[in-house]
Each structure stands twice: as structure tokens, then as C-alpha cells.
Amino acid sequence: MKVEFISPFVTATTKVLETETGRSIPVEKGQLTIEASSHTCQDITVLIGVIGAVQGLVMYGMSERTAKNIVSVLLNERVVVFNEMVESAIAEMGNVITGIASAELEKAGYLSTLAPPTVVSGRGVIISTINIKRIQIPLITEFGEIEVGLALRENDNR
């Protein structure tokens with residue numbers, strides 16, 4: 001995976017959190033790792049397929065608590081149950097983050113199309129990216145950790 005594919009997703013995550021909450025949100029980037037396992041490690045994972053000059057899969061993993069914390073701030077009311085509304089809000093957040101990152105990649109010459117988001121609930125679910133290595137980027141926020149997983153590669157057939 002090209003290193004220049006990583007930064008747009010980190011920047012977009014911060015931008016979306018700040019825009020949606022209306023305030024500055026400190027985001028600390030943890031140690032990047034290459035994920036060998038194809039199992040989910042978080043309670044909630046938002047998946048977004050990418051096709052075009054860049055192809056693969058983007059994943060946003062988080063605990064159920066982190067998802068509820070984020071949506072609580074967005075709604076300005078405490079959310080205690082992970083329900084369809086929380087699921088929809090987290091899916092849309094992943095969609096917006098990926099859209100912003102995709103626009104940045106397009107500026108660098110990588111035009112891509114995004115698939116609608118899919119939400120997977122549960123740890124240990126197998127999500128195979130076949131032969132595309134996945135880079136995990138932990139982002140530590142006041143809401144909890146958001147793991148951005150990038151299994152992207154340049155499409156040689158474009």
C-alpha cells in the first residue's frame with residue numbers, strides 16, 4: 001500500500017469529528033500495524049468498498065461504547081442502547097470520512113468510487129481482503145478508540 005493513502009483518512013476522521021461536534025477534537029494516532037488476521041477485533045465495524053484507481057476496502061472499527069459516545073455528542077443527548085439509529089449514524093460517519101479522504105486521493109490523481117457502507121456487529125467476524133494487506137491505524141479520541149483499517153492498492157488496470 002502506498003504511504004500517501006494513509007494521511008487522507010486520518011485527516012478526514014479528525015475533520016468529520018470536529019465538524020459534527022462543532023469543536024476541536026484532539027486525535028492521537030497510535031502505532032500503525034499490518035494486520036495479518038482477517039478477524040474483526042472491535043464490536044462494530046463499518047466497511048466501505050473502494051473501486052477505481054484505488055481499490056480495496058476501508059474499515060472503521062470501534063467498541064459499542066465508542067459508537068454510543070460519538071452519537072450521544074452528535075444528538076446532544078445520552079445514548080444508552082446501540083440501536084438502528086446509532087448504527088445508521090456510525091455508518092454515515094464512515095461514509096463521510098471515506099468520501100472526504102477519497103476527494104483528497106482524487107486530487108493526487110486517484111479517482112475512485114465508493115460503495116454504500118455496511119455495518120458488521122461482533123468481534124471475530126472474518127473479513128478477508130484476500131491478497132491486499134491491511135494497515136490498522138488506531139485513533140485515540142475522547143470518545144474512545146477508532147481503528148481505521150485500510151486494505152487499499154493502486155489499480156494497475158486503470
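This is a predicted model: local features need pLDDT of at least 70, side-chain atom pairs count only at pLDDT 80 or more; totals for chains, interfaces and linings use all residues.
A helix makes 3.6 residues a turn, so residues three or four places apart point the same way.

Next I looked up what those residues face.

I then checked the helix itself. α3 has 24 residues, and I get 35 Å from its first C-alpha to its last. That is close to the 34 Å expected at 1.5 Å a residue.

Then I turned to the ends. At the N-terminal end of α3 I found Asn83 as the cap, with a side-chain oxygen 3.1 Å from the backbone nitrogen of Met85. After α3 comes Gly109, and its phi is positive, near 95°.

On to the cores. The largest nonpolar core holds 37 residues, and I see Phe9 and Ile90 touching the most other members. Two or more residues each come from α1 (7-21), β3 (44-52), β4 (54-62), α2 (64-75), α3 (84-107), β7 (134-141) and β8 (144-154). My helix α3 gives the most, with six residues.

Leaving out residues up to four places away in sequence, Phe9 touches Val58, Tyr60, Ile97, Thr98, Ala101, Leu105, Val148, Leu150 and Leu152.

Definitions and conventions. Residues are numbered from 1 along each chain as its sequence is written. Side-chain values use heavy atoms; hydrogens and water are left out. A nonpolar core is a set of buried Ala, Val, Leu, Ile, Met, Phe, Trp, Tyr and Cys residues joined through side-chain atoms within 4.5 Å. Buried means under 20% relative accessible area, exposed over 50%, partly exposed in between (1.4 Å probe, protein chains only). Helices (H or I, at least four residues) and strands (E, at least two) are DSSP runs, numbered from the N terminus. Contact means heavy atoms within 4.5 Å. The expected span of a helix is 1.5 Å times one less than its number of residues. A polar contact is a pair of N or O atoms within 3.5 Å; within protein, one must be able to donate a hydrogen and the other to accept it, and residues adjacent in sequence count only if both atoms are side-chain atoms.
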